[in-house]
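I opened the model today to look up a few side chains and their partners. My notes follow the order in which I checked things.

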Amino acid sequence: MTYRALLFPLILAACSLETEVPDGRAAFAANCAGCHGADAMGRGTITRDTGIITPDLTTLAKRNGGTFPRTYVMATIDGLDRGAHFSNAMPEFGAGDLGEAVIVEMDGLGTPVPLVLLALTDYLESIQQD
């Protein structure tokens with residue numbers, strides 16, 4: 001089962017607890033657009049003249065055989081699973097406070113995942129180009 005399939009019931013549960021569900025587009029604009037560009041294609045105002053090349057986030061699924069790599073995306077944003085090839089220029093957002101979390105269960109293991117991380121990942125999945 002994917003995180004996306006789990007997100008809707010979790011959001012409903014969060015709403016019933018009067019938890020504000022984050023807006024993935026707004027989270028992207030506030031935290032990612034400066035480097036990745038407002039269109040997520042890698043042309044941000046912060047990195048434009050620095051020589052730092054940021055990836056086009058609208059082609060993640062295309063570069064992954066047509067499947068959006070949810071777990072990889074969340075681990076990358078969080079900072080949990082970054083290879084040696086990864087730029088130190090990208091902050092590890094998991095080192096800060098990502099706000100309220102929900103428990104996501106996969107293979108019998110429950111993991112707390114911040115709602116904003118789920119919302120941001122859903123937003124990135126929604127803007128994928130073919």
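**Entry 1: the model.** I am working from a predicted model. I keep that in mind for every distance below.

**Entry 2: salt bridge count.** How many salt bridges does a search of the whole structure find? I get 3. I took them one by one.

**Entry 3: D39 and R43.** I found the side chains of D39 and R43 joined in a salt bridge, at 2.8 Å from N to O. I then checked exposure. R43 has a relative accessible area of 51%. The cut-off for exposed is over 50%, so R43 counts as exposed. D39 comes out at 35% relative accessibility and is therefore partly exposed.

**Entry 4: R70 and D122.** Next I went to R70. Its side chain meets that of D122 in a salt bridge, with 3.0 Å from N to O. This pair links distant parts of the chain: R70 sits in helix 4 and D122 in helix 5 (residues 115–126), 52 residues apart. Buried or exposed? I noted both D122 and R70 as buried.

**Entry 5: R70 and E125.** R70 has a salt bridge with E125 too, and here the closest N and O atoms are 2.7 Å apart. Again distant parts of the chain are linked, with R70 in helix 4 and E125 in helix 5, 55 residues apart. Why does R70 count as buried? Its relative accessibility is 7%, and buried means under 20%. E125 is at 23%, so I logged E125 as partly exposed. Shared partners join R70, D122 and E125 into one network of salt bridges.

**Entry 6: helix 4.** I listed the buried residues of helix 4. They are R70, V73, M74, A75, T76 and I77. I also looked just past the end of this helix. There G79 takes a positive phi of about 100 degrees.

**Entry 7: T47.** Where is T47 found? I located T47 in the loop between helix 3 (33–36) and helix 4 (70–78). T47 has 6% relative accessibility, so I put it down as buried. Which residues is T47 in contact with, leaving aside its neighbours within four places in sequence? I wrote down G34, C35, I52 and T54. With C35 I also noted a distance: a polar atom of the T47 side chain lies 3.0 Å from the backbone oxygen of C35.

**Entry 8: recap.** I have two pairs to revisit on screen, R70 with D122 and R70 with E125. I will also go back to T47 and the backbone oxygen of C35.

Definitions and conventions. Residues numbered from 1 in each chain as written. Predicted model: local features only at pLDDT ≥ 70, side-chain atom pairs only at ≥ 80, totals over all residues. Heavy atoms only, no water. Helix = DSSP H or I, 4+ residues; strand = E, 2+ residues; numbered from the N terminus. Buried < 20%, exposed > 50% of the residue type's maximum accessible area, 1.4 Å probe, protein only. Polar contact = N/O pair within 3.5 Å; in protein donor to acceptor, adjacent residues only side chain to side chain. Contact = heavy atoms within 4.5 Å. Salt bridge = Lys/Arg side-chain N within 4 Å of Asp/Glu carboxyl O.
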